[in-house]
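Q: Can you walk me through this structure? I'd like to start with the ligand.

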Amino acid sequence: MKAIVCEKFAPIGELKLAEFDRPQIKDGHVLIEVGAASVNFPDALIVQGLYQNKPPLPFVPGHELCGIVREVGQGVTRFKVSDRVVATPGVGAFAEFALSHEDKVIAIPAHMSMIQGAAITLTYGTSLHALKNIARLQAGERLLVLGASGGVGLAAIELGKLMGATVIAAASTQDKLQVCESMGADVLINYETEDLKSRIKEATSSKGVDVVYDAVGGKFSEAALRSLAWRGRFLVVGFASGEIPKIALNLALLSERSLMGVFWGEWIRREPLAHLKQMDFIIEQVRLGHLNPKVNEVYALQDAVKAIEQLAMRKAIGKLVIQVNSTVQ
Ligand SMILES: NC(=O)c1ccc[n+]([C@@H]2O[C@H](COP(=O)([O-])OP(=O)(O)OC[C@H]3O[C@@H](n4cnc5c(N)ncnc54)[C@H](OP(=O)(O)O)[C@@H]3O)[C@@H](O)[C@H]2O)c1
């Protein structure tokens, strides 16, 4: 089969489109013919050996996909051949066929396209887990999203609005902020050209925000933490800036703020049934038009390396999707 292959941990540009062995079916797994896959930040890290887990080489990257079940392993109870599904196998999605454990596979309805399906699991899954299960965001609260035009950021804007919050979106360019506005953000802050803390103060009449959603890290985290109101919650989601901030803990003590870690991948491993229930909710909200995955660009499989580079270079807005096989519908 054709696949994007990582032969050694190296810069993204060294990934190759090549022939690779089709995965063999295993107990508890399904083999999926991939229609579309999407690019997520961990894909850019894992191929460089910078992610928390390092798969044995050579491997096919790609965390998230949408396709059709072609083989079912022993012990699988929820799927049969020909089911349309989304899956988050962690690796293997940028290929014509991918193997995934049944717990990481969700059936999708007929009206959902492969391109749309490829863009719903990791971003909405992470942001819903963070806002609902961890921060317990309430209607009427104020939510600040850093890196708001990225994959998980746009999902946090839409979910924040759906949960009844006022959403303040912070991003680095006007183009990115315009997209945040089109997805429902109430207040826009360009954190590269404006002072984040004073703009939050102004936007909240000095009250501060109740929840910070931080997938960026680096220089903006401390200003965001300092902008939290009494008993505000700070969600540590990721470090797309490449810098893990080191912050004085007195900032938590003052105003009884909480620092809350978010690790969606580990949560779905520990609570697979809760993950399935949450995905049912997300799929229903997409059907109702309350969530609209923002697929900004669609690439062919041979251009997947370019797509991963765009994301790593901070040039992506929303989701970048790889159409692996347009005949898989
Ligand atoms: N904790 C979890 O369970 C979990 C789950 C999924 C993802 N994540 C993490 O969340 C982060 C975002 O993932 P994503 O897929 O949404 O990525 P993304 O689409 O690339 O968005 C990341 C955003 O970060 C900002 N950014 C600031 N400095 C950057 C830099 N040097 N390079 C790239 N982006 C930079 C960019 O916005 P501006 O240009 O506007 O600053 C960009 O839109 C990643 O660190 C990822 O590993 C965590």
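Predicted model: local features only at pLDDT ≥ 70, side-chain atom pairs only at ≥ 80, totals over all residues.

Q: How many residues surround the ligand?
A: The shell has 26 residues. The closest are S172, K176, Y191, V262 and R314. A residue counts as near if one of its heavy atoms lies within 4 Å.

Q: Which side-chain atom sits 2.5 Å from a ligand oxygen?
A: A polar one from Y191. That makes a polar contact, meaning a pair of N or O atoms within 3.5 Å. Within protein, one atom must be able to donate a hydrogen and the other to accept it, and residues adjacent in sequence count only if both atoms are side-chain atoms.

Q: What about backbone atoms?
A: G151 has a polar backbone atom 2.8 Å from an oxygen atom of the ligand. V262 has one 2.7 Å from a ligand nitrogen atom.

Q: How much of the ligand does the protein bury?
A: 90% of the 910 Å² that the ligand exposes when taken alone. Areas come from the Shrake-Rupley method with a 1.4 Å probe; for residues, only the protein chains shown count as cover.

Q: Which elements give two or more residues to that shell?
A: α1 (41-46), α3 (121-134), α4 (151-162) and α11 (304-312). Helices (H or I, at least four residues) and strands (E, at least two) are DSSP runs, numbered from the N terminus.

Q: Why does the ligand lie between the domains?
A: Because domain 1 (2-120 + 293-323) and domain 2 (123-265) both give residues to its shell. The bounds come from an automatic or database domain assignment.

Q: New topic. How many cavities of 30 Å³ or more?
A: One. A cavity is a set of points, on a 1 Å grid over the protein atoms alone, where a 1.4 Å probe fits but cannot get out. A pocket is an open set with protein on both sides within 12 Å along at least five of seven lines, and lining residues have an atom within 4 Å of a point. Points are joined across faces, edges and corners, and a volume is the space filled by probe spheres set on them.

Q: What volume does the largest cavity have, and what lines it?
A: About 60 Å³. Of its 13 lining residues, G151, L154, P293, K294 and K319 are closest to the centre. α4 gives the most, with four residues.

Q: Last one: where is the cis peptide bond?
A: It joins L57 and P58, with omega about -10°. P58 lies in the loop between α1 and β4 (64-72).

Q: And the other backbone detail?
A: R136 has a positive phi of about 50°, although it is not a glycine. R136 is in the loop between α3 and β8 (142-146).

Technical notes: Residues numbered from 1 in each chain as written. Heavy atoms only, no water.
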